[in-house]
Amino acid sequence: DVKTHLTGYIINHYRLLWLKLSDILQKLGNAYARTYSTYSLFMLTNITIAVYGFTSEIVDHGFRFTFKEMGLLVDTCYCGTLLYVFCDCSHQASINIANKIEDTLMHLELSKVDPTTAKEVNQYEYNIEVPKYLCDKNEGVKNGTTTIR
């Protein structure tokens, strides 16, 4: 779509869509915050108790390959891995989407388009690069129009 019909109007709508999608995902993230916070707290508590139980068992009885010691060690590794994967996947997904969109925008030849389109592409790239809380200070979205403050 962008490669065949590159106009400021289309880029402006894609940028507004990006801002609205970002806002929707922010609201969705806030809605899931309690669930994921509870999950993270449960995992951290589980890891803490397992590490404490494992080390206290070693201090009290020495290191023996008992089911209790191995269970606590496996629990610590398993919960730590789950917590890492949980956090890393969401981070990588957002970076992946931003990189693909940014790559598409970077391969556009701005010298062959009108100044309005070039300005819209630059604003779109700015919205991807700069965190939302900084974009809101300079730019807002109201009823499908962009207002520069």
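**Surface patch, aromatic cluster and cysteines**

A nonpolar surface patch is formed by Leu21, Leu25, Leu28, Tyr32 and Tyr36, which together have about 480 Å² of accessible area. Patch members have over 30% relative accessible area and no salt bridge; nonpolar side chains (Val, Leu, Ile, Met, Phe, Trp, Tyr) are joined within 5 Å, like charges within 9 Å. A salt bridge is a side-chain nitrogen of Lys or Arg within 4 Å of a carboxyl oxygen of Asp or Glu. Areas were computed by the Shrake-Rupley method with a 1.4 Å probe, and for residues only the protein chains shown count as cover. Helices are DSSP runs of H or I with at least four residues, strands are runs of E with at least two, and both are numbered from the N terminus.

The model is predicted: local features need pLDDT of at least 70, side-chain atom pairs count only at pLDDT 80 or more, and totals for chains, interfaces and linings use all residues. Residues are numbered from 1 along each chain as its sequence is written, and side-chain values use heavy atoms, with hydrogens and water left out.

Helix 1 also holds Glu57. Glu57 is buried, at 10% relative accessible area. Buried means under 20%, exposed over 50%, and partly exposed in between (1.4 Å probe, protein chains only). Beyond its neighbours within four places in sequence, Glu57 contacts Gly62, Arg64, Lys68 and Glu69. A contact is heavy atoms within 4.5 Å.

Aromatic pairs number 2 in the structure. Phe54 and Phe63 pair edge-to-face, with 6.3 Å between centres and 75° between planes. Phe63 and Phe65 are also edge-to-face, at 5.0 Å centre to centre and 75° between the planes. Rings of Phe, Tyr and Trp (its six-membered ring) pair if their centres lie within 6.5 Å; planes under 30 degrees apart are stacked, over 60 edge-to-face, and the rest tilted. These ring pairs link Phe54, Phe63 and Phe65 into a cluster.

The disulfide count is 0. A disulfide requires two cysteine sulfur atoms within 2.5 Å. Cys77 is partly exposed at 44% relative accessibility, whereas Cys79 is buried at 2%.
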